[in-house]
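Here is a friendly walk through one protein model, from its aromatic rings to its strands and a few individual residues. Please keep the view open as you read.

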Amino acid sequence: KQWYQRRVAITAGGQEAVQELMFQEPKCKLVMLTVQTHNQLDPYGNETVWFDNKVVGNTTSGGYSYQAKSSICYAYVPPHLAHLGKQVYVELLGARYLATVVKDPMYETEAVRTRNAIREASASV
């Protein structure tokens, strides 16, 4: 926030515009999706995201996750679709595949696993 204030102070008249934008609801949010493809097809990026037969966003990147054993991708979607468990469709090569908003990241990093192990060990004492 301080960086914005200093940067905007340099440009005349820009401070009000940035402050106005800071309090507005974002037009889209970045979410992670799991895509239910039944073949070797994986999202790679810039595929369209559909909801209620309307294009609502696009993917940024994706691929196959060996950890999750499914196709995954990041996508920009409207805020009302950015809730865990919300289902949309991702278009891959002209066909639409069901996709679900999931928690990001989908796995616990090493630091989180270590903290959880310490908590469990201290709780059992």
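Rings of Phe, Tyr and Trp (its six-membered ring) are taken as a pair if their centres lie within 6.5 Å; planes under 30 degrees apart are called stacked, those over 60 edge-to-face, and the rest tilted. With that rule, a search of the whole structure turns up one aromatic pair. Tyr 64 and Tyr 66 make this edge-to-face pair, at 4.9 Å centre to centre and with 75° between the planes. Tyr 64 counts as partly exposed, at 38% relative accessibility, and Tyr 66 counts as exposed, at 69%. Here buried stands for under 20% relative accessible area, exposed for over 50%, and partly exposed for what lies in between (1.4 Å probe, protein chains only).

A word on the basis of these values: this is a predicted model, where local features need pLDDT of at least 70, side-chain atom pairs count only at pLDDT 80 or more, and totals for chains, interfaces and linings use all residues. Residues are numbered from 1 along each chain as its sequence is written, and side-chain values use heavy atoms, with hydrogens and water left out.

**The chain as a whole**

The protein chain holds three helices and six strands, in the order α-α-β-β-β-β-β-β-α along the sequence. Helices (H or I, at least four residues) and strands (E, at least two) are DSSP runs, numbered from the N terminus. The chain has 125 residues, and 27% of them count as buried. It exposes about 9000 Å², of which carbon and sulfur atoms supply 54%; the areas come from the Shrake-Rupley method with a 1.4 Å probe, and for residues only the protein chains shown count as cover. Among contacts (heavy atoms within 4.5 Å) with a separation of 6 or more, 56% link residues 24 or more positions apart.

What is the count of disulfides? It comes to zero, where a disulfide is a pair of cysteine sulfur atoms within 2.5 Å. As for cysteines, Cys 28 is partly exposed at 38% relative accessibility, while Cys 73 is buried at 1%.

**The barrel**

Six strands form a closed barrel that runs 1-4-3-2-5-6, with antiparallel pairing. Neighbouring strands of this sheet are turned by 45° against each other on average, direction ignored; the axes behind such angles are lines fitted to C-alpha atoms, for helices over the stretch in contact, and angles run from 0 to 180 degrees between N-to-C directions. Two strands are said to pair if DSSP finds at least two bridges between them.

| Strands | Bridges | Facing residues |
|---|---|---|
| Strand 5 and strand 6 | six | Val 90 and Tyr 97 |
| Strand 2 and strand 3 | four | Val 49 and Gly 57 |
| Strand 2 and strand 5 | two | Trp 50 and Tyr 89 |

**Two residues with positive phi**

Most residues other than glycine have a negative phi. Asn 46, not a glycine, has a positive phi of about 65°. Asn 46 sits in the loop between strand 1 (29–35) and strand 2 (48–51), and counts as exposed because its relative accessibility is 63%. Asp 52 belongs to the hairpin of strand 2 and strand 3, which has two residues between the strands, and its phi is also positive, at about 55°. With 61% relative accessibility, Asp 52 counts as exposed too.

Ala 75 lies in strand 4 (residues 70–77). Is Ala 75 buried or exposed? Ala 75 is buried, with a relative accessible area of 0%. Not counting residues up to four places away in sequence, Ala 75 touches Lys 29, Leu 30, Val 31, Leu 33, Val 49, Asn 58, Thr 59 and Thr 60.

Thr 60, 14 residues away in sequence, lies 5.6 Å from Tyr 74, C-alpha to C-alpha.
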